[in-house]
Amino acid sequence: MAIEEINSKYPEGKYPLQELTGQIIGICMEVHRYLGHGFLEVVYQDAVAYELNLRNIPFEKERKFKVSYKGKILPHYYIADFIIADQIILELKAQRGIADENYKQLINYLAVSNCPYGLLINFGELSLKFKRVILTKQS
């Protein structure tokens, strides 16, 4: 498996689930416009959940993913902020800048969940920041 930023995999700008990821980013922009930056992450999670419900976009909040090692399920697990339509992991942050650790966290979520797409959204700055990521399989 490989992880790539969507823009490098689909330079022509057309990729799977483009409309849905665009809606999700638009929701996050709406939340950021209304709340601004400075709240805790959980406040943004609640506002995004509210907006997803308003638009009838199917999601699950804080889904746990087990981690397997050599056929054994480990006692610790990952918890993704949102799973949208069983295909997109939405990970929210409310901090100054997106750190490499945040990006790596999303990559790990994609790997253990088998969800093909991820969005990393940061509400912690003056303007909303986001990254789109896609999980690809290599032979």
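**View 1. E51 is buried, at a relative accessible area of 13%.** The cut-off for buried is under 20%, so E51 falls in that class. This is a predicted model. E51 sits in helix 3. Leaving out residues up to four places away in sequence, E51 touches I27, E30 and V31.

**View 2. Helix 2 packs against helix 3.** Helix 2 covers residues 18–35, and helix 3 covers residues 41–54. Which residues of helix 2 meet helix 3? They are I27, C28, E30, V31 and L35. From helix 3 come V43, Y44, A47, V48, E51 and L52. By class, this contact has 9 nonpolar residues, no polar ones and 2 charged ones.

**View 3. Y34 lies in helix 2.** Is Y34 buried or exposed? Y34 counts as exposed, because its relative accessibility is 71% and the class begins over 50%. Y34 and A47 are 13 residues apart in sequence. From C-alpha to C-alpha, Y34 and A47 are 9.7 Å apart in space.

**View 4. The largest nonpolar core has 23 residues.** V48, I84, L90 and F123 have the most contacts inside this core. Two or more residues come from each of helix 2, helix 3, strand 3 (72–84), strand 4 (88–93) and strand 5. Helix 2 gives the largest share, 6 residues. In soluble globular proteins, nonpolar side chains tend to be buried together.

**View 5. I84 is among the residues with the most contacts inside the largest nonpolar core.** Which residues does I84 contact, leaving aside neighbours within four places in sequence? The list is L20, I24, L52, I57, P58, F59 and L90.

**View 6. A second, separate core has 12 residues.** Its members include L106, L120, V133 and L135.

**View 7. N56 has a positive phi, near 55°.** N56 is a residue other than glycine. Where does N56 lie? N56 is in the loop between helix 3 and strand 2 (59–69). N56 counts as exposed because its relative accessibility is 68%.

**View 8. N114 also has a positive phi, near 65°.** N114, too, is a residue other than glycine. N114 is placed in the loop between helix 4 (100–113) and strand 5 (117–122). N114 is exposed, as its relative accessible area is 52%.

**View 9. The whole protein chain sets these close-ups in context.** How many helices and strands does the protein chain have? The secondary structure comes to 4 helices and 6 strands. Along the sequence, the pattern reads β-α-α-α-β-β-β-α-β-β. The protein chain has 139 residues, and buried residues make up 38% of them. Take the contacts between residues at least 6 apart in sequence: 59% of them join residues at least 24 apart.

Terms used:
Residues numbered from 1 in each chain as written. Predicted model: local features only at pLDDT ≥ 70, side-chain atom pairs only at ≥ 80, totals over all residues. Heavy atoms only, no water. Axes fitted to C-alpha atoms, helices over the stretch in contact; angles between N-to-C directions. Contact = heavy atoms within 4.5 Å. Nonpolar A, V, L, I, M, F, W, Y, C, P; charged D, E, K, R; others polar. Buried < 20%, exposed > 50% of the residue type's maximum accessible area, 1.4 Å probe, protein only. Core = buried A, V, L, I, M, F, W, Y, C linked by side-chain atoms within 4.5 Å.
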